[in-house]
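Subject: Handing over the structure

Hi,

Here is the structure I said I would pass on. Have a look at it first, and then read on for what turned up.

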Amino acid sequence: MQFSSPPYVTGLKCLICGATYAHGNVFTCPRCGIEGILDVQYDYSKIDNSQFTIHNSPLNIWRYNNLLPVSPDLHPPHLHVGWTPVYDAKRLAKHLGVRKLFIKDDGRNPSNSFKDRASSVGVMKALEFGYKTIACASTGNAASSLACMSAAVGLQSYIFVPARAPEPKVTQLLIFGATVIKVQGTYEQAFDLCREACEKFGWYNRNSGTNPFLVEGKKTAGLEIAEQMKDDVPDWVVVSVGDGCTIGGIGKGLQEMKRLGVITGVPKLLGVQAEGAKPMYEAFYSGKELVPSDTNTIADSIAVGTPRNWRRAIHQIRQSNGEMITVSDEEILEAMRATARLGGVFGEPAGIASAAGLKKALAQNMIKPHESALVVVTGNGLKDIQSAKQAAGEALSIAPNLDALANALSEKLGM
Ligand SMILES: *Cc1c(COP(=O)(O)O)cnc(C)c1O
Ligand SMILES: [Zn+2]
C-alpha cells in the first residue's frame, strides 16, 4: 500500500553542509555521514495558523499535523500524546526567588515521558514506509515509549537497552510486548548495535539522533508552549539535555510559532546537563567541536557521552540567546524534593534536572529574579524508584498503638 507524503514537507536539509534531499525513508546526509543530521523543511507560506485557534482542533499533538511530517492517509495512535498541562507553581517560584515559574508536566504522556511525542511520529513513519518492525536503542524512556506506541498501532518492537537501565523502565517495555535486548555495555554500544541490526534485518530505526522525523515530534512541546503561553510568554524555557533532540526540537517549535505569528518573541533556552555528563556544555562554551565524555550521574536519561544532535541543540540555544548550565546529583535530588513538595510534580532525575538548573541559574544571576521561566519536566518520578528513594527519605515504622506513634513523632519529627 502507498500512502501520500506529508503535504507541507518540502524536503530534508543537512545541518552541516546544507545539502537538501527529497522527503523519503532517509536518515543522515550521505555526504557528511552519521554526523549529518537532516532537518525537515516545510512550506510555511501554505500553513494556516488559524488551526491553532480553532476550538475543535484535537487537544493533543495532532492539532499540529500540518507542521508534522506525517501522511494524511494514516491514523495516528489512539493514545493521548502531548498538550500536557502547564502549571503556575507559585510556592516553588517563591522558594526559588523567581517572579513566575511554570511547570510543563510531560510525565503525563501515555508512557510517562516526553519521548511519546517522538515515538508517536516514529511509528507513523514506519507504517508509511511499509515496515512491520521498529527498533531503537535507549537509556529507557525512548524505548518504553516506542514499545507503548508500537502496541497502539500494531508494530513489533525490538529494544536495545544498556545494562544499567532502571528496572521500572525495562518492565514497561516488557508489558507492552517489546522484545528487549539487554546489551552488556554502554548506551553508545547499544546504539551502534541497534543501527547495525536495523540494516541487517530490515527494521525501521527509531533512534532520534539520526532519524530526522522524530525531532519533529519533540518539536510539538515547543509549539504547545507557544500556544499555551502566548499571552504570557516566559522569558526562559528550561530543558534537560542528553542527545540534544529535546531542546533542539523545542527550539524549532518555538521558532516556527514565531514565524506563523502565534508569538512575537522566542523565549531564551536554558539547557541543563548533569555534571557527570556534560560534553554539550563544554562544546557550547568552548565553541569547538564536541568531545565525547564518560558519564556518571543518577539522571540516566541524560547520561549521554556521545550526543547525536549536539549541533542542532547548540544552534537552537544560541539562536534564542540562551545559556547552558550543569547540576550535580545532589542538586538534582534536592530539586526532586522541592518540585514535589512545593510544586506537586514528581519527576525522574533527568526530568527534574531542569528545575535544578533553574535554581542554579538564579543563584548565578544568569536568570534574574524579575524574569519568568517555564521548566519542562520530561519524565515521571515513578520511572526510577531507586533514585526517588534517595531523594524521599524513609517512612516511620511503628507498633500499632498510640504510644508508639507519639514516641516516633517526638523522636523523628521533634513534635
Ligand atoms: C531523553 C530524555 C531527556 C533528554 O532528551 P535528549 O533529546 O536526549 O536531549 C530528558 N529527560 C528525559 C526524562 C528523557 O527521557
Ligand atoms: Zn551534509
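In strand E9, Asn-205 is the bridge partner of Ala-135. E9 (residues 204-205) pairs with strand E6 in the parallel sense, over two bridges. Some housekeeping before I go on: this is a predicted model, where local features need pLDDT of at least 70 and side-chain atom pairs count only at pLDDT 80 or more, while totals for chains, interfaces and linings use all residues. Residues are numbered from 1 along each chain as its sequence is written, chains are lettered from A and ligands numbered from 1 in the order in which they are written, and side-chain values use heavy atoms, with hydrogens and water left out. Helices (H or I, at least four residues) and strands (E, at least two) are DSSP runs numbered from the N terminus, and two strands pair if DSSP finds at least two bridges between them.

Back to E6. Its other partner here is strand E7 (residues 156-162), again in the parallel sense, over five bridges. Cys-136 stands opposite Ile-159 in E7. E6 itself (residues 133-137) is mostly covered, with five of its five residues buried (buried is under 20% relative accessible area, exposed over 50%, partly exposed in between, with a 1.4 Å probe and protein chains only). In a regular strand the side chains alternate between the two faces of the sheet. In E6 both faces are covered: Thr-133, Ala-135 and Ala-137 are buried on one side, Ile-134 and Cys-136 on the other.

Next, strand E5. Five of its six residues are buried, so E5 is largely enclosed by the rest of the structure. Strand E4 (residues 86-88) runs antiparallel to E5 and is joined to it by three bridges, with Tyr-87 facing its bridge partner Ile-103 in E5. E5 also pairs with strand E13 (residues 372-377), this time in the parallel sense and over six bridges; there, Leu-101 stands opposite Ala-373.

A salt bridge here needs a side-chain nitrogen of Lys or Arg within 4 Å of a carboxyl oxygen of Asp or Glu; Lys and Arg count as positive and Asp and Glu as negative, with His and the chain ends not counted. Leaving aside residues up to four places away in sequence, Asp-105 touches Thr-84, Pro-85, Tyr-87, Val-345 and Val-377 (contact means heavy atoms within 4.5 Å).

Now for the salt bridges that do form. The count comes to 21. One of them joins Lys-252 and Asp-39, at 2.9 Å from N to O. This pair links distant parts of the chain, 213 residues apart: Lys-252 is in helix H7 (residues 245-259) and Asp-39 in strand E3. Both Lys-252 and Asp-39 are buried. Another pairs Arg-117 with Asp-106 at 2.7 Å, N to O. Arg-117 lies in helix H2 (residues 116-128) and Asp-106 in the loop between E5 and H2, so the pair ties together parts that are eleven residues apart in sequence. Arg-117 and Asp-106 are both buried too.

Then there is the zinc ion (ligand 2). Its protein donors are Cys-14, Cys-17, Cys-29 and Cys-32, each through SG, lying 2.3 to 2.4 Å from it (donors are N, O and S atoms within 2.8 Å of the metal, or 3.2 Å for Na, K and Ca; water is not among the atoms, so sites may look incomplete). Along the chain, the donors follow the spacing C-x2-C-x11-C-x2-C. Cys-17 lies in the loop between strands E1 (9-14) and E2 (20-21), and Cys-32 in the loop between E2 and E3 (38-42), so the pair ties together parts that are 15 residues apart in sequence. Cys-17 is partly exposed, at 34% relative accessibility, and so is Cys-32, at 26%.

Those three strands form an open sheet in the order E2-E1-E3, with antiparallel pairing. E2 and E3 stand at the edges with a single partner strand each, so one side of each is left without a neighbour in the sheet. Five bridges join E1 to E3, and one pair to look for is Gly-11 with its bridge partner Gln-41 in E3.

Over to you!
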